[in-house]
Amino acid sequence: TTFYIFQKKMLENSIGGGILLRQPNNSKCIGRLNMKRYLLLLLVLLLALSGVSCGSDDNPAAPTTPTVTYNLRDTGPAGGIIFYINPNASTDGWTYLEAWTADESGNYDWKTSQSTTSGTSTAIGTGYLNTYTYMAGTAHPAAEVVRNATHGGKNDWFLPSKDELNLMYVNLKVPGVGGFTDALYWSSSENDSNFAWIQHFGNGYPGTGGKNGSLRVRAVRAF
């Protein structure tokens, strides 16, 4: 009995340390639970010392660079004027069209000969391809002058397609923005072997003009 009381007191004094002691009847270890608590407290302490955050807001995600957005007639990144916002930007790879603030100096023929230029389109989003692929070379002066232009530090300007040119009239010329004259402007869209599409910026009517006619040119770019 005396031995049992002595062993019991040792057990009571060792509860905080989780010492494994057995009762005289050789039962299972009764200090194992205290050892688990000790290990758990040790783990929490190590996490605190190492600066690990468990689901807290102590370490917020790094801020992302905000995307610049534009409205119609805002100044674009090249210093031009926004005249179209693309609703299909995620699939087309570009969001805006901006027009330069002045015409290219002089008047230019659409082509140096009355012959077919295959491949051009009238649709929005096709002016770049028209200018750099189908109208490549010196045989298309109106496209060449735009390809060689550098405005606002950018050199990716192109001659707008028929529908892009019409948007320039509606969204820029009509509100009195962009410094357009009441003149005829070339698009990069062919009509047939003799004619290409033009836009009258005086009355707004689209039409066709002989490819050897010298007309005004306004550069645009997509981004």
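## A buried ring pair

Tyr-169 and Phe-201 are both buried, where buried means under 20% relative accessible area, exposed means over 50%, and partly exposed is in between (1.4 Å probe, protein chains only). Before going further, note that this is a predicted model: local features need pLDDT of at least 70, side-chain atom pairs count only at pLDDT 80 or more, and totals for chains, interfaces and linings use all residues. Residues are numbered from 1 along each chain as its sequence is written, and side-chain values use heavy atoms, with hydrogens and water left out.

## The chain overall

The chain has six helices and six strands, in the order α-α-β-α-β-α-α-α-β-β-β-β from the N terminus. Helices (H or I, at least four residues) and strands (E, at least two) are DSSP runs, numbered from the N terminus. Of the chain's 223 residues, 35% count as buried.

Contacts are heavy atoms within 4.5 Å. Among those in the chain with a separation of 6 or more, 59% come from residues 24 or more positions apart.

## Aromatic pairs

There are eleven aromatic pairs in the structure. For a pair, rings of Phe, Tyr and Trp (its six-membered ring) need centres within 6.5 Å; planes under 30 degrees apart count as stacked, over 60 as edge-to-face and the rest as tilted. Take Tyr-70 and Phe-223: their ring centres are 5.6 Å apart and their planes sit at 90°, so this is an edge-to-face pair. It links distant parts of the chain, with Tyr-70 in the loop between helix H2 (32–50) and strand E1 (81–85) and Phe-223 in the segment after strand E6 (220–222), 153 residues apart. Tyr-70 is buried, at 17% relative accessible area, while Phe-223 is partly exposed at 23%.

Back to Tyr-169 and Phe-201: with centres 5.5 Å apart and planes at 80°, this pair is edge-to-face too. Tyr-169 belongs to helix H6 (residues 162–173) and Phe-201 to the loop between strand E4 (195–200) and strand E5 (206–210), so the pair ties together parts 32 residues apart in sequence. Ring pairs also join Tyr-169, Phe-180, Tyr-185 and Phe-201 into a cluster.

Arg-221 lies over the face of Trp-157, at 6.0 Å from the ring centre. To count, NZ of Lys or CZ of Arg must be within 6 Å of the ring centre and within 35 degrees of the ring normal.

In helix H4 (residues 127–134), the buried residues are Gly-127, Asn-130 and Thr-131. They span an arc of only 90° around the axis, which puts them on the same side of H4; the arc is taken from the directions from the helix axis to the C-beta atoms. Their cover includes helix H5 (141–147), H6 and strand E3 (184–190).

The buried residues of H6 include Glu-164, Leu-165, Met-168 and Lys-173. Among the elements covering the buried residues of H6 are E1, H4, E3 and E6.

Arg-73 is not a glycine, yet its phi is positive, at about 75°. Most residues other than glycine have a negative phi. Arg-73 is in the loop between H2 and E1 and is partly exposed, at 37% relative accessibility.
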